[in-house]
Amino acid sequence: MSATEVAAGTEIRPFTVEVARAELDDLRRRIAATRWPERETVDDQSQGVQLATIKELARYWAEEYDFGRVQSRLSAFPHFITAIDGLDIHFIHVRSQHEDALPVIITHGWPGSIIEMLNVIGPLSDPTTHGGDPEDAFDVVVPSIPGYGFSAKPSARGWDPVHIARAWIELMGRLGYERYVAQGGDWGAQITDTMGAEAPPGLVGIHSNMPGTVPPDISKILSSRVLGAGDPPPTGLSADEQRAFDRLDFLYTKGLGYSIEMGHRPQTLYGLADSPVALAAWMLDHDARSLEDIASAFAGKPVGNLTRDEVLDNITMTWVTNTGMSSGRLYSENTLGFFDVKDVKVPAAISVFPNELYQAPRSWAEQAYPKLIYFNEVEAGNHFAAWQEPEIFTNELRAAFRPLRNGR
Amino acid sequence: MSATVETATEIRPFQVEIPEEKIDDLRRRIEATRWPSKELVDDASQGVQLAMLKALADYWATEYDFGRLPERLNALPQYTTEIDGLDIHFIHVESSHEDALPLLITHGWPGSVIEMLEVIGPLTDPTSHGGNAEDAFHVIIPSIPGYGFSSEPTEAGWDSGRIGEAWAELMSRLGYTRYVAQGGDQGAGVTDAMGRQAPDGLIGLHFNFLDAIPKELLTAALTPRIFTHAEREQLGKVVSVFMRGYISEMGEHPQTIGYSLLDSPIGLASWMLDHDADSYGKISRAFLDGEPTGGLTRDAVVDNITLYWLTRTGASTSRIYWETGRAAKASLKDPPPHVKLPVAYTVFPDELFQSPRHWVKHAYHNLIYFNEAEKGGHFAAWEQPEIFSQEMRAAFRSLRNGTS
């Protein structure tokens with residue numbers, strides 16, 4: 001018995017994405033039956049997702065969007081499931097045909113999913129057909145966080161970023177990788193930083209597009225200001241540091257509503273399971289810059305690869321897997337400070353995207369990551385770096401990890 | 001042109017009418033609810049519990065009498081009148097007793113006029129409810145703009161101050177030249193604003209929630225001289241109110257959560273039930289254990305949610321947090337005048353926090369009445385109509401004509 005159990009326990013099973021037709025019909029019916037509120041009472045985004053944006057999203061979703069996209073796009077990749085700590089973990093795994101490819105595990109965040117990463121898998125694993133060199137090839141592993149997409153939903157507490165990081169280390173071991181790197185943004189950055197802090201034997205480096213660099217004294221001031229009245233801003237900051245503080249201060253005082261709600265009361269958001277438009281609005285309202293870009297896409301002017309179809313692929317996948325609420329629970333599990341220093345011990349690389357929640361200053365990054373091997377400010381991209389700017393993101397990963405490759 | 005002016009200040013009788021197809025649609029939507037997975041804990045620490053909400057959905061769709069809402073409201077004299085460009089709905093019950101004191105009661109979020117229905121009898125007709133004729137009130141209960149049957153603002157700016165000005169106009173239009181005002185929750189903010197505006201005719205205020213301007217509250221709460229352990233505990237409760245999430249979300253992005261509140265009856269119900277731990281616990285016991293607390297019965301709770309649903313006011317009710325948040329920040333730079341009018345205050349033991357007397361006194365120097373009631377939570381009038389009525393009588397006795 002024990003042999004079978006152990007084998008079953010660590011087995012890696014192929015997985016096929018199938019989205020039931022009836023589920024999609026129901027979704028389309030619900031979108032068409034949406035009961036709308038009146039328009040916001042302002043002419044900008046300051047009250048949240050604007051009625052015109054979400055109505056255009058709903059119109060496009062119900063009338064023009066190809067509901068077969070999620071299944072057909074995902075089916076182009078090899079998918080697998082393996083149980084770790086009793087939970088089925090779904091992941092895409094694409095091995096490069098190039099010898100000496102460097103394995104990389106890329107972790108998405110909220111309100112993202114593996115959909116964010118689909119356009120970087122090809123360039124990373126097959127650089128020669130995407131304008132790169134064979135020496136820059138990666139084997140690519142893109143898991144779904146527990147409670148997201150096709151991974152199982154935890155039914156008990158305990159799947160925080162630290163637990164997930166340990167599961168990822170187990171996953172890479174189970175795939176036979178003895179020398180690999182990790183990458184992440186948003187929750188993926190927390191998980192990746194935690195992997196870097198755990199520093200398991202095979203992990204040779206990490207890359208983050210949302211690094212935790214904020215010094216403890218600055219972090220304390222930011223937290224005190226959440227309710228609008230707190231410590232005075234710090235003095236003596238450099239221009240870069242001041243810009244970072246100002247952006248984070250905006251986020252902490254005007255942009256954390258969704259995060260506080262999901263952090264404390266994730267179970268109250270029943271609308272995310274019951275109303276497609278409620279789910280879409282909640283997912284669009286992550287941060288001011290990305291909302292602007294997505295609103296622009298629905299006004300006919302996509303910014304980078306953040307097109308209407310891409311945005312709806314992500315929302316549709318979240319809907320059909322009914323993971324609107326389970327994905328939000330990660331906020332309530334978390335005990336890490338989002339932008340705090342995580343004691344990463346392995347070599348670390350950072351790409352700073354200009355429309356990310358904040359732009360990590362090099363001075364803070366050098367303190368936060370003692371083995372900082374790469375730091376670069378790129379010209380375009382918001383919080384969804386890989387999704388919006390797959391080419392820049394790919395180039396960053398190639399450049400960032402070049403020094404960590406075998407024989408260099 | 002004078003005809004237009006007359007029309008604008010006209011007070012029109014109002015009756016609630018609910019088309020059958022709207023109820024059918026609501027029932028259909030409740031039955032078609034797509035549910036999420038169960039919370040990961042065995043208590044309410046992650047929000048509204050699945051079992052509780054499923055019990056509510058079942059009751060709402062299969063047992064609840066949708067005729068209740070119009071019947072209860074239409075049993076009372078209701079009116080609308082246009083003020084500052086909006087139709088304001090209100091209940092107005094005049095007492096048969098001479099010298100009754102006019103009392104304006106303002107509800108909050110996630111409440112409505114429904115909260116106040118059971119206090120109308122005791123307040124207007126004390127002699128048939130164990131009180132004395134001298135304690136009679138005329139009662140005026142308006143719906144805040146964007147709530148219930150008041151119309152919804154289409155422009156920003158309807159904060160507590162503007163609502164307070166509209167209420168003063170309403171009282172003047174009703175011919176009241178000597179009246180008092182009462183409020184809890186957002187109603188306390190409106191009542192506080194009226195106190196600072198001190199319109200002609202307003203002679204006193206009662207609060208069951210402390211919602212003065214932030215500057216006064218902060219200095220009251222943080223004055224080290226009086227910073228006791230008990231007060232520290234109350235401060236912790238104040239902070240935890242803000243950390244529940246709904247205040248931040250509705251304060252920042254009411255439109256975003258609004259889509260869920262308009263499109264999903266269960267999304268609306270859960271959002272409304274998750275106001276505070278005490279009222280949630282009481283409502284949960286009403287649905288799961290058949291043990292309602294006071295007036296917080298299944299029917300009364302569903303009446304209120306049904307009102308929000310049928311009037312399509314999930315988003316517009318939330319905007320008051322956005323408005324008052326802005327106003328509160330502005331008041332830090334440019335504080336409005338202190339309240340000089342007489343103020344009465346009742347502490348309910350299960351309210352979000354129990355304001356120490358000196359916090360209240362710090363905001364309201366002319367404190368004429370301060371009492372700690374023996375029971376009741378955030379929805380004081382709704383949950384404990386009798387105690388609430390007694391508090392009104394005691395609080396305002398000294399302001400009546402002929403008494404000093």
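These legends describe close-up views of a predicted model.

**View 1. The interface between chain B and chain A.**
Chain B and chain A each bring 58 residues to the contact. About 4,900 Å² is buried between the two chains, and carbon and sulfur atoms give 52% of that area. Three residues, R34(B), L40(B) and Y259(B), supply 19% of what chain B buries against chain A, more than any other three. Between the chains there are 42 residue pairs in polar contact, with both residues at pLDDT 80 or more. The salt bridges between chain B and chain A number two.

**View 2. The side of chain B that touches chain A.**
Six helices of chain B each supply at least two residues to this side: α3 (50-63), α9 (229-242), α10 (246-252), α11 (254-263), α12 (265-273) and α15 (314-333). The largest share, nine residues, comes from α11(B). By class, this side of chain B has 26 nonpolar, 17 polar and 15 charged residues.

**View 3. The salt bridge between R265(A) and D274(B).**
The closest N and O atoms of R265(A) and D274(B) are 2.7 Å apart. R265(A) sits in the loop between α10 (257-264) and α11 (271-274) of chain A, and D274(B) in the loop between α12 and α13 of chain B, so the pair joins two chains. Are the two partners buried or exposed? R265(A) is buried, at 8% relative accessible area. D274(B) is buried too, at 4% relative accessibility.

**View 4. T41(A) in its loop.**
T41(A) lies in the loop between α2 (21-32) and α3 (51-63) of chain A. With a relative accessibility of 9%, T41(A) counts as buried, because the cut-off is under 20%. Its side chain makes a polar contact of 2.8 Å with the side chain of Q47(A). Leaving aside neighbours within four places in sequence, T41(A) is in contact with Q47(A) and with P153(B), T154(B), E155(B), A156(B) and R319(B).

**View 5. Helix α3(B) and its cover.**
At 1.5 Å a residue, the 14 residues of α3(B) should span 20 Å. The end C-alpha atoms of α3(B) are 19 Å apart, which agrees. Buried residues of this helix are L50(B), M52(B), L53(B), L56(B), A57(B), Y59(B), W60(B) and A61(B). Their cover includes α2 (20-31), α12, α13 (277-288) and α14 (298-310) of chain B.

**View 6. S112(B) and its partners.**
S112(B) is placed in the loop between β4 (101-106) and α5 (117-124) of chain B. Its relative accessibility is 3%, so S112(B) counts as buried. A polar contact of 2.6 Å links the side chains of S112(B) and N304(B). Beyond neighbours within four places in sequence, S112(B) is in contact with H107(B), N304(B), L307(B) and Y308(B).

**View 7. Two salt bridges within chain B.**
D299(B) and R68(B) meet through their side chains in a salt bridge of 3.5 Å, N to O. This pair links distant parts of the chain: D299(B) is in helix α14 and R68(B) in helix α4 (residues 68-74), 231 residues apart. In the second salt bridge, D278(B) pairs with K282(B), with the closest N and O atoms 2.9 Å apart. D278(B) and K282(B) both lie in helix α13 of chain B, four residues apart, about one turn of the helix. Residues three or four places apart in an α-helix point the same way, because there are 3.6 residues a turn. D278(B) is partly exposed, at 22% relative accessible area. K282(B) counts as buried, at 5% relative accessibility.

Key: Residues are numbered from 1 along each chain as its sequence is written. Chains are lettered from A and ligands numbered from 1 in the order in which they are written. This is a predicted model: local features need pLDDT of at least 70, side-chain atom pairs count only at pLDDT 80 or more; totals for chains, interfaces and linings use all residues. Side-chain values use heavy atoms; hydrogens and water are left out. Contact means heavy atoms within 4.5 Å. Buried area is the accessible area (1.4 Å probe) that two parts lose on being put together, summed over both. A salt bridge is a side-chain nitrogen of Lys or Arg within 4 Å of a carboxyl oxygen of Asp or Glu. A polar contact is a pair of N or O atoms within 3.5 Å; within protein, one must be able to donate a hydrogen and the other to accept it, and residues adjacent in sequence count only if both atoms are side-chain atoms. Ala, Val, Leu, Ile, Met, Phe, Trp, Tyr, Cys and Pro count as nonpolar, Asp, Glu, Lys and Arg as charged, and the others, Gly among them, as polar. The expected span of a helix is 1.5 Å times one less than its number of residues. Buried means under 20% relative accessible area, exposed over 50%, partly exposed in between (1.4 Å probe, protein chains only).
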